[in-house]
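Please keep the sequence and the model in view while reading.

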Amino acid sequence: MDSIQETPTRFCRFLDESYFTELHRAFLHAFSDYTIEFDLTTEQFRNHIGLNAVDLASSVGWMEEDRLVGFTLNGFGNWHGVPTVYDAGTGVFPEFRRQGISLKMFEMMMPLFASKGYRQCLLEVITTNVKAINLYLRLGFKQTRKLSLLNCQSAAEFSVDLPTGNIEIREIGDADWSLLRTFWDGEPSWQNTTDAIDRSRDKKCFLGAFSRGECIGYLVFSANVGRISQMAVHPKHRRLGIGNVLLKTMIEKMSSDHFPQVINIDTSIESAMTFFTNRGFTERLSQYEMLCPL
């Protein structure tokens with residue numbers, strides 16, 4: 001069964017590529033009153049779909065009189081080694097809310113994904129969105145951690161001298177993830193995983209800090225806009241200004257029309273939170289990461 005029908009003109013169904021343009025318009029309208037601006041261009045919306053491994057044929061729409069008024073964008077992959085469905089955006093038009101549409105979409109799709117071998121569903125929800133949080137709790141989701149969106153709307157503050165001498169900053173071609181993972185203090189969120197970065201590599205700038213030919217730190221960001229996906233320094237080379245020079249290089253490369261941002265950083269990673277806070281980044285919003293077994 002690939003649809004739920006309440007009436008001949010009111011029903012839930014799976015979508016496909018032919019819905020892309022209508023889905024883009026629906027996305028903009030559904031998030032028009034969102035806490036942060038989601039005014040994505042057609043290209044940015046396509047990038048959002050690619051970054052999050054969204055399959056339009058496995059995404060769900062709610063139809064009213066053949067008009068798409070609600071949707072769930074579903075991405076697919078492995079999360080900590082487990083086959084996972086990722087909710088890359090669930091939205092309902094403001095005028096159609098409080099009718100149980102989101103609940104109906106989840107009740108339709110979750111059993112079907114379970115029958116196809118997916119074992120869990122992952123999503124993020126803004127911590128102040130109480131209605132959505134209650135819906136997800138009702139569906140069986142549990143909070144796994146708190147994530148933060150940070151931005152820096154003034155000149156970044158570099159409280160220590162930038163390193164000098166034999167530190168070289170250059171762009172990285174093919175990333176040695178087996179090495180770079182050893183720099184981590186925690187796990188990235190879905191849209192910042194190594195898989196997500198590899199999927200969107202043509203939209204990313206990958207900087208490495210090298211000492212005597214050895215990579216000792218790196219920073220991955222969305223080219224031009226300065227949105228940081230990952231940043232880490234080898235534990236033995238911290239507090240030497242490596243992070244400062246990586247961040248400074250990114251700011252020099254990005255467009256002056258944008259502010260540096262960090263998307264969905266795990267707030268429990270104290271080293272990273274302290275680094276960005278000390279350089280003038282502040283929290284714009286926070287989200288709960290939530291997980292539900294299927």
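Is Asn192 buried or exposed? In this predicted model, Asn192 has a relative accessible area of 5% and is therefore buried, since the limit for that class is under 20%. Asn192 belongs to the loop between α5 and α6. Leaving aside residues up to four places away in sequence, Asn192 touches Ile197, Ile228, Ser229, Gln230, Ile263 and Asn264.

Asn264 is part of strand β12, which covers residues 261–266, and its relative accessibility of 5% places Asn264 among the buried residues. Although Asn264 is not a glycine, its phi is positive, at about 55°. His80 likewise has a positive phi of about 55° without being a glycine, but His80 is found in the loop between β4 and β5 and counts as exposed, with a relative accessibility of 58%.

**Aromatic pairs and charges over rings**

The structure contains 20 aromatic pairs. Among them is the pair of Trp79 and Trp190, which is tilted, with 6.2 Å from centre to centre and 35° between the planes. Because Trp79 lies in strand β4 (residues 67–79) and Trp190 in the loop between α5 (177–180) and α6 (194–199), this pair ties together parts that are 111 residues apart in sequence. Both Trp79 and Trp190 are buried. Trp190 also pairs with Tyr86 in a stacked arrangement, in which the ring centres are 4.8 Å apart and the planes make an angle of 10°.

Elsewhere, ring pairs join Phe20, Phe27, Phe31, Tyr34, Phe45 and Phe71 into a cluster.

**An exposed loop residue**

Ser18 is located in the loop between β2 (10–14) and α1 (20–30). With a relative accessible area of 64%, Ser18 is exposed, because the limit for that class is over 50%. The side chain of Ser18 makes a polar contact of 2.3 Å with the side chain of Asp16. The C-alpha atom of Ser18 is separated by 9.1 Å from that of Leu56, a residue 38 positions away along the chain.

**Cysteines**

How many disulfides does the count come to? The count comes to 0. A disulfide is a covalent bond between the sulfur atoms of two cysteines.

| Cysteine | Closest cysteine sulfur | Distance between sulfurs | Relative accessible area |
|---|---|---|---|
| Cys121 | Cys292 | 6.7 Å | 3% |
| Cys205 | Cys215 | 14 Å | 8% |

**The chain as a whole**

The secondary structure of the protein chain amounts to 8 helices and 13 strands. The radius of gyration of the chain is 20 Å, close to the 19 Å given by the globule rule for 294 residues, so the chain is as compact as a globular protein of that length. Taken along the principal axes, the C-alpha atoms fill a box of roughly 70 × 35 × 35 Å. Of the 294 residues in the chain, 53% are buried. Among contacts with a separation of 6 or more, 73% are between residues 24 or more positions apart.

Methods. Residues are numbered from 1 along each chain as its sequence is written. This is a predicted model: local features need pLDDT of at least 70, side-chain atom pairs count only at pLDDT 80 or more; totals for chains, interfaces and linings use all residues. Side-chain values use heavy atoms; hydrogens and water are left out. Helices (H or I, at least four residues) and strands (E, at least two) are DSSP runs, numbered from the N terminus. Buried means under 20% relative accessible area, exposed over 50%, partly exposed in between (1.4 Å probe, protein chains only). A polar contact is a pair of N or O atoms within 3.5 Å; within protein, one must be able to donate a hydrogen and the other to accept it, and residues adjacent in sequence count only if both atoms are side-chain atoms. Rings of Phe, Tyr and Trp (its six-membered ring) pair if their centres lie within 6.5 Å; planes under 30 degrees apart count as stacked, over 60 as edge-to-face and the rest as tilted. Contact means heavy atoms within 4.5 Å. A disulfide is a pair of cysteine sulfur atoms within 2.5 Å. The radius of gyration is taken over C-alpha atoms; the globule rule is 2.2 Å times the number of residues to the power 0.38.
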